[in-house]
Amino acid sequence: MAKLERFQEATALEALAALSSPKGSRRFLIADEVGLGKTVVSRFVAQGLKARAGRPLNVVYFCSSLTIAGQNLTKLKALQPGWEPPEDRLSLVCRDPRPSNGLDYRIFSFTPDTSLPGWKRSNRTGRAPERKLIADLMEAVSKPVSQKLHSMDRARLREAEGRRVNTLLPSGKAGEIDHLKPQFILALRDVFELRGRPLEAGLLAWLDRTDDLAEFILRARCALSLVALRHPDTRPDFLILDEFHRFADLIVPKDAPPKPGVETERRRVHQLLSAALLEAGVPTLLLSATPYRLTSVDGATIPGSRYEHLRRLVSFLNGGDAKASQVAAARIDAYHSALAAQDGDKAKAVEVLLARKAELEAALRPIMARTERATTLPGELFEKLTLPTEVTSPDLQVFRHFARAARVKALKLQAWVQPLWASVPYPAETLFDYGVARGFGGPLPPITTRNQKGGPAHPRLRSLLSARRPTPAEGAVNAPSLPPVVDTRILRLPWLPPSRPWWRLDGAWKGLEGQRSGKAILFSRYIGTPPSVSAVVSLAVRNAISTASQTAGQSGFLQLDKESPGPLVALFMPWPQLSRLNATPVQPAKPSSKIVRDHRAVVLQELSTRIKIGGKRDVTLKPWQIALGVERHLGGEADTKRLFQCHRSLATVYQSMAAKAPALRWITQSEAILLADWMLSAPGLVVARSVARHQAPATPGWWTSTKARKGLVEFCWDQLRTYFSHRQFADLLRGGARGRRKPKPYPDALRQAILDGGFEAVLDEQLAIMAVIGEGGPIDQLRDSLVSAGNVRMRRRAAPPRTEVHVAMPFNGAKRKASKKDSSGKESDHRSTAIRGAFNSPFWPHLLSTTSVGQEGLDFHVWCDRIIHWDLPRDPVDFEQREGRIARYGSLAVRRALTAEFATEDAGNARASPFGGVLNAARMAPKVGIGLDLWWSPPADKPRRITFDTAFSRSRAQLDALEDDLMRYRLGLGQPDPEQFGRFVEHFMLSGHDVRSLALDLSAVNRPKHASGTGRS
């Protein structure tokens, strides 16, 4: 696991002291701004708690979103490699509590709305496994109650009168339940207030009174959650509440309903569950970048001002220390009053505010820490670029068609026409799920995605995809033009160029060394925009590559020929013996070097140590035959055969391939040259070497594992081959696709592209950075880096109703509707996770389009260096959250800066990762500052923020106002009320220096016991 930077280490030590010290509050809030590694810090806090407890630790992680939880859980699971949570619901985890069995950590992840039932009004009955477990337990607890419940269920089904209604109490055993019965009975008594009273009679009386089966199931689910929270193998030893401001009613309870009834009963059960979760003395760590804007589980805003929220939050953090809470509340009020006093002498007002600030900081530091870049680092965090946009005649034709269609079919919704037209390209073809879209049932407008000329008929999209004039900040003002912000030349590439090429790139990647060639993420306000932008951009890239791809799908290339399988199978086979001849057969070289001339000799030298080179052969062998023959000689017949047996479809072709490629005890000089070139360019061998480079140091002998071999073969054959088989890649890489010359055979073109595009350097960089920020081994990381193309709806003339999206994809997060086959929504989460994994890789998609669902809590920074504010955010909070998705640890911009500073031509150990060497050199460099400038915000390379300026519109004034608000917000980001802080600054016209001195400083690294150091750690 990576070491903490100095500011993170200071935060972890403060949190650990509060959570473990006898005099500590046992509760602590880490409020670091987005992207500074709060989850990583919590992992180190867990290690400290485990060391002090001296026993296995149950780490219970709560987060409001399964998508965010899936991402952040990877960082926590590094505590216990190989651990997989048994369930993602408290009500089910108690079925299989999993005793420690030598484990140091048991890590569980839950969401409040599913694991603490009843906070949301919807879905009282939960999932079928929960109901099955309840049915079995009730049968064991009381047969009369069980019979009553089944009778109510049958009556409900009869009343459905033909409507499709499923049973709420499915039959069938849920598994071993005897160990749950005593705890479940006790929990039922607590939930139904039956302590000291007959349980069976009480439950029957409750059912007679309410006659509500769904409500009973809800209470039984609560009882199961109570069982899990009380069971020694599942109850929290360390509780982490991530993004807790989204479910703050767990710690800031709502007021009780005025009248008795079911809502009052539910509120009592809520408090019962909350008390069990937040048991006094259990170390509880809260994480949130925006902790002063509290909402409830159901999304409603908790009543009260932000200062009131802060007072209640501080009271919770102080636990039972009423005196500390009173002191903090008084100082919060005093600070509020000092900020609100905006009259009189400026110097006096600043003096008073400084005094109140120091008092408040002293009260909050024992329970809270916050680190911010804006108050720590000088200068801007992003390079700003505003693109001018111009409305043209085709744009207006699209708008006029939209307006006329709305006037006919959706007159009351005509106010939506202008904002949707401004945001959604080609609305008549791409806009669905809006009432105003009802008007699109007739003919399409005269301008469509198929007959557009002179660029897309949308001002923003045209500006994004067109060459542009350089800005004064970019220099070269007299240059005729610069590449587009979103360049189709880069979008069409099957993988992005590496930050550190090992040789001069060529072919489709020629000239991209050192350029801004990362991915882009686009944020819009309307849910109709992401699929529209993705479809139009994917079509534009397809058209730019070849007219032959207009109607072609992803088939026809790299398909297995059962009559002659050898060339293709050998191309994608991760040969274990050949790949281990030298884990790094090439070294990063000078940009002017030629790959074959400079590196073939290295491979030939390695070959000569394992097999005799020389002599003559009567027959001419093809490269794949040489590769298989040498592999069989070096590894043995049985070992090579086992490799093919890792995949069902490859096992059947081994005999026919072996018959044409006998084991070779020696090879000729010309065969050695052919094999050396093959080894440098065959995708399967490149992948195998890359994995070995990163896997072998941690797991010696990993190639002997059947699981490892199987995973690698399946990735190369099923995923990588399928990905490369896309027709657009074939058209791009073969050349001559427009009929100017005869195209190359695609396998040969692909091998050349592997060299031209620095594919091995790209994989090395991906695996090196994911070893630091990801989870799992190299094979798992590669498997997560590829996603299949998607489809979005389009209204087209004489064309399929859906179009393929690949280079650009919409990201819908957890809000995407699940299929009918999976009412739990897991399929939706899987697709979103797969898209996010692929976007955080060098492969397609290169553009991700999303809405607010992607702007909080998710990482999109690994290969992304620009953020596009397609629609301006509503406020500075959204601005900050959006940009926090890519301004993160180890981002692409950071890696470019690290490469420029720490890369050398000598990679050292030939079997080590060259890019891993860059990261290690950065870690070993002399330490300066607190670590933010090295791994988060290097001054030499910044991510880019893209906005738009439409002539004669309000966009420029809106952007200027937002940027002013954002500046004040960032400088006052740690404030309970950033808006009030901004008003104070604006009223007295304070300078940037004054603003920094007045902003609350809760950073742990600046506290006396941490501030003396000067190093990154």
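Mentor: Buried means under 20% relative accessible area, exposed over 50%, and partly exposed in between (1.4 Å probe, protein chains only). This is a predicted model, where local features need pLDDT of at least 70, side-chain atom pairs count only at pLDDT 80 or more, and totals for chains, interfaces and linings use all residues. Residues are numbered from 1 along each chain as its sequence is written, and side-chain values use heavy atoms, with hydrogens and water left out.

Trainee: What is the relative accessible area of E265?

Mentor: E265 forms a salt bridge with R209 at 3.9 Å, N to O; the term means a side-chain nitrogen of Lys or Arg within 4 Å of a carboxyl oxygen of Asp or Glu. R209 is exposed, at 55%. E265 counts as partly exposed, because its relative accessible area is 26%.

Trainee: Which helices hold R209 and E265?

Mentor: Helices (H or I, at least four residues) and strands (E, at least two) are DSSP runs, numbered from the N terminus. The two residues are 56 apart in sequence, so their pair ties together helix α9 (residues 199-210) and helix α11 (residues 262-277).

Trainee: Is R689 buried or exposed?

Mentor: R689 pairs with E760 in a salt bridge, the closest N and O atoms being 2.8 Å apart. R689 lies in helix α29 and E760 in helix α33, 71 residues apart. The relative accessibility of R689 is 0%, so R689 is buried.

Trainee: How many salt bridges does a search of the whole structure find?

Mentor: One of them joins R106 and D233, with the closest N and O atoms 3.7 Å apart. The search of the whole structure gives a count of 45.
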